[in-house]
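Subject: Structure handover

Hello,

Please find the structure below. Some notes on what was found in it come after.

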Amino acid sequence: MTDERAESNVDHYKEVLAAHLKHIPPPHRSVLSPHAPYTISKKSFQLINEATAGQIISIHNQEHPAEDELYKTGKGEFMELLVMFGITSSPFPVTGLSSLQSYLPYFKNDQKVFLIHNTFIPPGDIQYANQYANNNGLSLVYCLCPNANLYIENKLPPVEEFVKNKCHIVLGTDSYSSNWQLSIAKEMQALMVSPYFSNMKYEDALKTLLGWATINGARALNWENELGRFEKGKSPGVVLIQNDLSSSKRIL
């Protein structure tokens with residue numbers, strides 16, 4: 001998106017969302033969300049912020065080093081891609097800061113923001129994001145999709161830094177365009193070999209990962225009263241997982 005097309009684009013997607021919601025009985029969880037820092041202009045971020053007050057949104061964050069380079073210098077691989085589409089200069093403000101520090105301040109309407117991937121997020125940005133959220137009424141959720149990161153960049157996100165900074169961590173898969181399968185068990189298996197978990201007792205690692213895959217996700221989506229644990233009054237699904245996390249099968 002560019003600033004010149006921001007209003008027309010956002011209006012179009014509002015119409016798409018409205019048409020979609022006609023086929024979904026309330027309550028629903030559908031909402032406008034920005035895709036990634038390198039596809040949303042300044043004005044577009046402002047309009048999305050206005051349209052998503054108090055809602056749960058997501059954005060792909062620092063999945064590739066070129067995201068930061070685009071905001072820091074206005075150059076790099078993503079700028080080369082934009083040139084192929086006839087855009088000769090960056091439609092995004094050159095801030096000299098990382099992409100996360102450049103776009104997160106646009107959100108200030110009590111949103112819960114899922115930061116997806118975070119493969120190349122530095123420790124300082126995690127601390128910045130958590131502090132910004134605490135000071136501005138936001139909630140942050142760090143969604144890790146390790147197999148997608150291994151598929152594209154052959155790199156895992158900095159798990160230890162998220163734990164150290166007491167981040168709310170959940171697991172995802174991304175899509176078949178960037179993954180071999182869509183299995184949370186396989187995502188857990190991928191993280192088992194990360195430096196953070198490889199030195200931990202298997203039982204302790206499994207307990208942590210199961211929390212990220214179940215109750216943490218339920219809490220992040222405000223479904224903790226219905227899903228996430230085996231408790232009276234809840235209706236979680238039941239998945240049989242092999243001990244080595246090599247496969248899983250839903251049984252209820």
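Predicted model: local features only at pLDDT ≥ 70, side-chain atom pairs only at ≥ 80, totals over all residues.

Residues are numbered from 1 along each chain as its sequence is written, and side-chain values use heavy atoms, with hydrogens and water left out.

Helices (H or I, at least four residues) and strands (E, at least two) are DSSP runs, numbered from the N terminus. The axes of H3 (residues 65-73) and H4 come within 7 Å and cross at roughly 80 degrees; axes are lines fitted to C-alpha atoms, for helices over the stretch in contact, with angles from 0 to 180 degrees between N-to-C directions. H3 is therefore roughly perpendicular to H4 (65 to 115 degrees; under 35 is roughly parallel, over 145 roughly antiparallel, the rest oblique). Ala-66, Glu-67, Glu-69 and Leu-70 of H3 meet Glu-77, Phe-78 and Met-79 of H4 (contact: heavy atoms within 4.5 Å).

The peptide bond from Pro-26 to Pro-27 is cis, with omega near -5 degrees. Pro-27 lies in the loop between H1 (6-21) and H2 (42-51).

Asn-118, not a glycine, has a positive phi of about 60 degrees. It sits between strand E2 (112-117) and helix H6 (123-136), in the loop. Asn-118 is buried because its relative accessible area is 0% (buried is under 20%, exposed over 50%, partly exposed in between; 1.4 Å probe, protein chains only).

Asn-149, in helix H7 (residues 146-152), is also buried, at 0%.

Regards
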